[in-house]
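Colleague: I would like to go through a model and learn how its features are read. Please take them one by one.

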Amino acid sequence: MDDGHDTEMLLAMLSSMMEGPVPSQEVLLQALVDADGDISVAAAALKVTQKKQASTSANKRKRGLEGWIVSKRKPAEAKIGSSTPSGSSLHTHKDMGVVPSDSEEDSGAAESVKFAKGEDGDAKPSKARQGPPVSLMSVLKQAPSSPTRPPKLVPRTLGTPALVAQHTPCTMHLSVLPPELACRLFYVMLREAHGWSRNKLVESPHKTSFYARNLEEDLEGNENMQEAAKYWYNGRPTAPPRPFLPEMEEACEIIEHIVNTEILKRELLYPLEWPTTPERPWRANVAAANCYTGSKETVGWHSDQLTYLGPCPTIASLSLGTTRKFSLREVVPEWEKGERNAQTFHVPVVHNSLLIMHASCQERFKHTIPPQQTIDAFKPPFPPPVSIDEDQMMPPTTSRINITFRFYRPDFAAKSIPRCQCDIPMILRPDMKGKQRDSSIVPPSNGKMEDRGLSTWEEMAQMRYFWMCYSGAQNEGKACNAFRVLDFTKEGRGLPELEEDALEGNTHISS
Ligand SMILES: O=C(O)CCC(=O)C(=O)O
Ligand SMILES: [Fe+2]
């Protein structure tokens with residue numbers, strides 16, 4: 001789980017920067033949204049607000065009935081982010097995971113605050129924004145606001161592989177491993193999970209660890225892999241990766257076969273995607289593992305960092321143990337916000353199932369494992385191997401193990417990742433909301449992608465990516481805020497030319 005905590009992380013950093021009483025999570029979150037993710041700007045704004053509040057609260061107590069009947073409300077034209085100081089946008093966490101819940105039911109750890117829906121359908125903490133005083137009577141007389149507001153969509157459960165493929169850029173594969181191997185892998189990972197770490201800085205309670213595979217072709221790049229693995233978790237240095245266990249290796253070979261079949265079924269290759277071919281198959285060289293015990297362990301809304309995966313990665317996510325809900329939600333680009341709201345999809349991830357997040361999923365959707373009221377007890381169909389003592393394991397009946405098998409691209413090798421002034425590798429993010437797009441290719445304000453005949457391929461062709469400093473995650477909120485757009489060609493990324501020529505005609509590239 002490399003990037004699960006953007007919002008939570010920023011909130012934690014922001015609260016650690018407050019000098020006086022720490023405002024509520026709602027207020028912190030709104031400040032972050034207003035500051036477009038820049039925690040220094042958010043902290044400064046909060047300090048000013050706190051000072052103002054201290055002086056006005058005394059005045060408020062003096063107000064009589066006249067004062068009471070004058071309410072404060074948000075001006076209709078006010079928009080999230082409109083108070084962002086100009087010029088700061090290039091230095092901010094554009095995609096900080098502040099995506100509204102469609103219902104309380106699907107709020108993840110990162111979004112445990114209650115939201116009121118704003119006019120643009122976005123989530124706004126209920127009390128945070130206040131405009132100039134307005135007479136209560138004039139508000140009561142007003143016609144209801146815009147009748148053309150797009151409808152809110154209720155979350156939908158996708159209970160079959162066909163539905164998952166129809167509504168998301170994912171495919172679901174059931175009973176992927178031989179049952180005995182699935183169970184054995186579950187037990188060994190439960191034992192391993194005893195030694196995994198919990199991120200103390202943020203509230204996303206579950207255990208995680210990182211594994212690097214010893215592939216022959218990677219021997220020379222092994223040093224690179226170790227370096228990349230060091231920063232896999234939110235760009236923070238962590239313990240060296242563990243080697244794949246024999247059971248992981250066995251599972252991985254089966255999973256690779258499924259992944260390659262699925263990739264090659266797709267009819268097109270996105271412009272910056274790594275070109276998988278039968279001759280150059282997708283191979284997992286690392287795996288991130290997660291263990292959730294009980295119904296309250298979660299991971300918040302996020303998309304996975306692309307730092308070492310590069311654009312349009314394919315990520316294969318194996319579930320073992322108790323069934324949890326995996327939720328996905330599209331990030332609606334800015335210009336489509338007035339036209340439609342995003343829909344949340346819940347996908348039950350059952351024991352021994354493989355969810356493949358295909359290319360464009362990380363660019364267009366966020367995902368989460370939300371907390372649940374209850375979960376079903378899992379009864380493993382096989383007993384633990386004799387070598388494993390039950391006391392050494394996380395509880396098998398209420399735990400879920402997740403292993404995401406990933407391919408770290410050679411053209412995004414650790415040595416090629418730019419470093420910021422804090423001297424740590426920058427992270428690579430997609431411009432999910434389309435804010436950094438070239439103005440010449442932004443559709444007219446009322447233009448939906450479909451109206452312009454834009455397919456996902458074209459959307460991906462226009463997608464921008466940017467490198468940004470993330471050292472705030474490890475440096476008490478002090479980041480250098482470095483930011484720069486990925487220049488794929490100038491940075492020399494992609495397949496080396498010679499190899500590309502040699503393989504010409506073999507790829508499944510669309511015209
Ligand atoms: O547990 C899961 O299924 C999701 C994990 C995840 O999102 C991640 O590792 O990035
Ligand atoms: Fe993820």
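Colleague: Among contacts between residues at least 6 apart in sequence, what share joins residues at least 24 apart?

Modeller: Two residues are in contact if their C-beta atoms, placed from the backbone, lie within 7 Å. In this chain the share is 82%. This is a predicted model, in which local features need pLDDT of at least 70 and side-chain atom pairs count only at pLDDT 80 or more, while totals for chains, interfaces and linings use all residues. Residues are numbered from 1 along each chain as its sequence is written, and chains are lettered from A and ligands numbered from 1 in the order in which they are written.

Colleague: How many helices and strands does the chain have?

Modeller: Helices (H or I, at least four residues) and strands (E, at least two) are DSSP runs, numbered from the N terminus. The chain has 12 helices and 20 strands.

Colleague: In what order do the 5 strands of the open sheet lie?

Modeller: Two strands pair if DSSP finds at least two bridges between them. The order is E5-E14-E13-E16-E11, with mixed pairing. Strand E5 (156–157) and strand E11 (299–302) are the edges, each pairing on one side only.

Colleague: How many bridges link E13 and E14?

Modeller: E13 (residues 324–330) pairs with E14 over 6 bridges, antiparallel. Lysine 325 has proline 348 of E14 as its bridge partner.
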